[in-house]
Amino acid sequence: MVPLAADETVKLAHEMGHCATGSFYNRWAACDVRQKHENRANRWAYRRLIPPEALEEAFRQGLREPWELAEHFNVTEPFLRGALEYYRQAAEP
């Protein structure tokens, strides 16, 4: 099977996150409701495409630069940066 381009991978995972978490809204939803559902879909995608254990392993292998990590996980750099921020905030007490 041919791997998807990073952009397609990220978009598909995000949309699957909406389905997996039931995070749907309609065009009349308030902006804060929409953002809540978008964030939930993103978190789901982060955990599926860049699991914390795999991220730790990539760090152990010496991957440090965002572009290296994005390439390693076949995701876009903005998505990778979002995942790093998500995990950073999750680790805060």
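The following questions and answers explain how labels were reached for this predicted model.

User: What makes up the chain, helices or strands?
Analyst: The chain has 5 helices and 0 strands. From the N terminus on, the order reads α-α-α-α-α. Along its principal axes, the C-alpha trace spans about 45 × 40 × 20 Å.

User: Why is H37 called buried?
Analyst: The relative accessibility of H37 is 12%. Buried means under 20%. H37 falls under that cut-off, so H37 counts as buried. H37 sits in helix α2, which covers residues 31–49.

User: Which residues does H37 touch, leaving out those up to four places away in sequence?
Analyst: H37 touches H18, S23, F24 and Y25. Contact here means heavy atoms within 4.5 Å.

User: How much of the chain is buried?
Analyst: Of the 93 residues in the chain, 31% are buried.

User: Why is C19 called exposed?
Analyst: C19 has 56% relative accessibility. Exposed means over 50%. The value for C19 passes that mark, so C19 counts as exposed.

User: What about C31, buried or exposed?
Analyst: C31 has a relative accessible area of 67%. The cut-off for exposed is over 50%. C31 is therefore exposed.

User: How many disulfides are there?
Analyst: The count comes to 0 disulfides. A pair would need cysteine sulfur atoms within 2.5 Å.

User: What makes up the largest nonpolar core?
Analyst: That core has 17 residues. I50, L55, L69, F73, V75, F79 and L80 have the most contacts inside it. Elements giving two or more residues to this core are α1 (6–21), α2, α3 (52–60), α4 (66–73) and α5 (77–91). The largest share, 5 residues, comes from α5.

User: Which residues does L69 touch, not counting those up to four places away in sequence?
Analyst: L69 touches L55, A58, F59, L63, R64 and L80. L69 and L80 are both among the residues with the most contacts inside the core.

User: Why are α4 and α5 called roughly perpendicular?
Analyst: Two packed helices are described by the angle between their axes and the distance between the axes. For α4 and α5 the angle is about 100°, and the axes are 9 Å apart. Angles of 65 to 115 degrees count as roughly perpendicular. The pair is therefore roughly perpendicular.

User: Which residues of α4 and α5 meet?
Analyst: On the α4 side they are P66, W67, L69, A70 and F73. On the α5 side they are E77, L80 and R81. The residues of this contact divide into 6 nonpolar, no polar and 2 charged.

User: Where is N74, and why is it called partly exposed?
Analyst: N74 lies in the loop between α4 and α5. Its relative accessible area is 29%. Buried means under 20% and exposed means over 50%, with partly exposed in between. The value for N74 lies in between, so N74 is partly exposed.

User: What is phi of N74?
Analyst: Phi of N74 is near 55°, a positive value in a residue other than glycine.

User: Why is R60 called exposed?
Analyst: R60 is in helix α3. R60 has 59% relative accessibility. Exposed means over 50%. R60 therefore counts as exposed.

User: How many residues apart in sequence are R60 and R48?
Analyst: R60 and R48 are 12 residues apart in sequence. In space they are 20 Å apart, C-alpha to C-alpha.

User: What share of contacts joins residues at least 24 apart?
Analyst: The share is 54%, among contacts between residues at least 6 apart in sequence.

Definitions and conventions
Residues numbered from 1 in each chain as written. Predicted model: local features only at pLDDT ≥ 70, side-chain atom pairs only at ≥ 80, totals over all residues. Heavy atoms only, no water. Helix = DSSP H or I, 4+ residues; strand = E, 2+ residues; numbered from the N terminus. Buried < 20%, exposed > 50% of the residue type's maximum accessible area, 1.4 Å probe, protein only. Core = buried A, V, L, I, M, F, W, Y, C linked by side-chain atoms within 4.5 Å. Axes fitted to C-alpha atoms, helices over the stretch in contact; angles between N-to-C directions. Parallel < 35°, antiparallel > 145°, perpendicular 65-115°, else oblique. Nonpolar A, V, L, I, M, F, W, Y, C, P; charged D, E, K, R; others polar.
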